[in-house]
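Subject: Structure handover

Hello,

Please find the structure below. My notes follow it.

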Amino acid sequence: MPDVLTRLAYARRVATGESYQTAREALVRDRGAGALPAATGAQALLESMALRCLGIGEEFWAHPMGIASVRPAPDRVTVELDAFTSSPYYPGRFYGRAEHAGRCLLPHAQHGDMHGMVGLRIVELRGLDLHVTLVGTASRMILRGARGAGWRGQLRLYQQSTSASGFEALYQEPHLTEAEVEHLEYYPEESERDRELAWLGSGLLRRIGLFRSATAAFAVRPWVDEFDEWNVELSYPFTTTMDHAPLLAGLTDRRLGLPLRVRSTTCHCAEPRSATDQRRRVCRIELVHRDELPGVLQLRFTSEPAGWDASGPRQRLASAGADPRWLDRVLPAVAGGR
Ligand SMILES: [Zn+2]
């Protein structure tokens, strides 16, 4: 019978995507902080905002949101990025996940036009690790690039392309810049929403592995809507059974889950479906904080219509470096070709 530490390390690995050994070492190092420590304050805000930015777009990656694993600690999180991003517009074309993440996250501005994450700053670059923070705080996120990620070269290219298009890169500024302050003043509801939803976004990032290990979705896309809800859409081909229960169990697990309870469920899985059904089927499950903290998590399990052609997504996932065995599970190859 495995001891408690061994069982916890295996369970944590499922939630984070870490190796068993890494999970076990973290459990020993951070004992007292819980089996999967929660972030608070600026740390939670940094993580939640980063997940919101990293999830934007229709790109494909080998893992949900292009994050292969996370290593959560009480005061920081390490986010291990996939190697490649597959463009939705140019099938077969791919580029580095690190490059894509840098473009989404690093703040740049021009005459009131602000892109990237307000207040994000680079504090350190060490090999494959890019350390970022929210300016004026002790928060820390380590973006770990895949081998060959070359952050230094990426940052040089980013500087060149932002200044060539008339933007100013802000990631080294010691304080919030005028452009960022203006943005915060112009969109107060956005920063209010970010603060309110930080516990949830950070909690999801710290359990990113569940969206791979506890589901058979071929794509997972998170976003925050104007109703102050975190949405996560999980996509399935027509023939796959949508697996709600394992993900719910993982997200609400007593030791490793979030303090969430299910508020409502709309599930169509038991309804008969004809083999020629052309509608997308969507099941929605809403979760809220057990102690009524603001913030709603809406999981949308989406099944594609009959006759939906999986070859495009399959090709894009393959070009992004997805594991062929996982691809066979989530997007079974069609007889006669892939
Ligand atoms: Zn359902």
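Helix α1 covers residues 4-16, and its 13 residues should span 18 Å at 1.5 Å a residue; the end C-alpha atoms are 18 Å apart, which agrees. The expected span is 1.5 Å times one less than the number of residues. Helices here are DSSP runs (H or I, at least four residues), strands are runs of E of at least two, and both are numbered from the N terminus.

This is a predicted model: local features need pLDDT of at least 70, side-chain atom pairs count only at pLDDT 80 or more, and totals for chains, interfaces and linings use all residues. Residues are numbered from 1 along each chain as its sequence is written.

The buried residues of α1 are Ala9, Arg12, Ala15 and Thr16. Seen down the axis of α1, they fall within an arc of 120 degrees, so they line one face of the helix. (The arc is that of the directions from the helix axis to the C-beta atoms.) Buried means 20 or more other C-beta atoms within 10 Å of the residue's own, exposed means 12 or fewer, and partly exposed is in between, with C-beta atoms placed from the backbone.

After α1 comes Gly17, with a positive phi near 85 degrees.

Asp228 lies in the loop between β11 (219-224) and β12 (229-236), and counts as partly exposed because it has 14 C-beta neighbours inside 10 Å. Glu292 sits in the loop between β14 (281-289) and β15 (296-303); with 8 such neighbours inside 10 Å, Glu292 counts as exposed.

Regards
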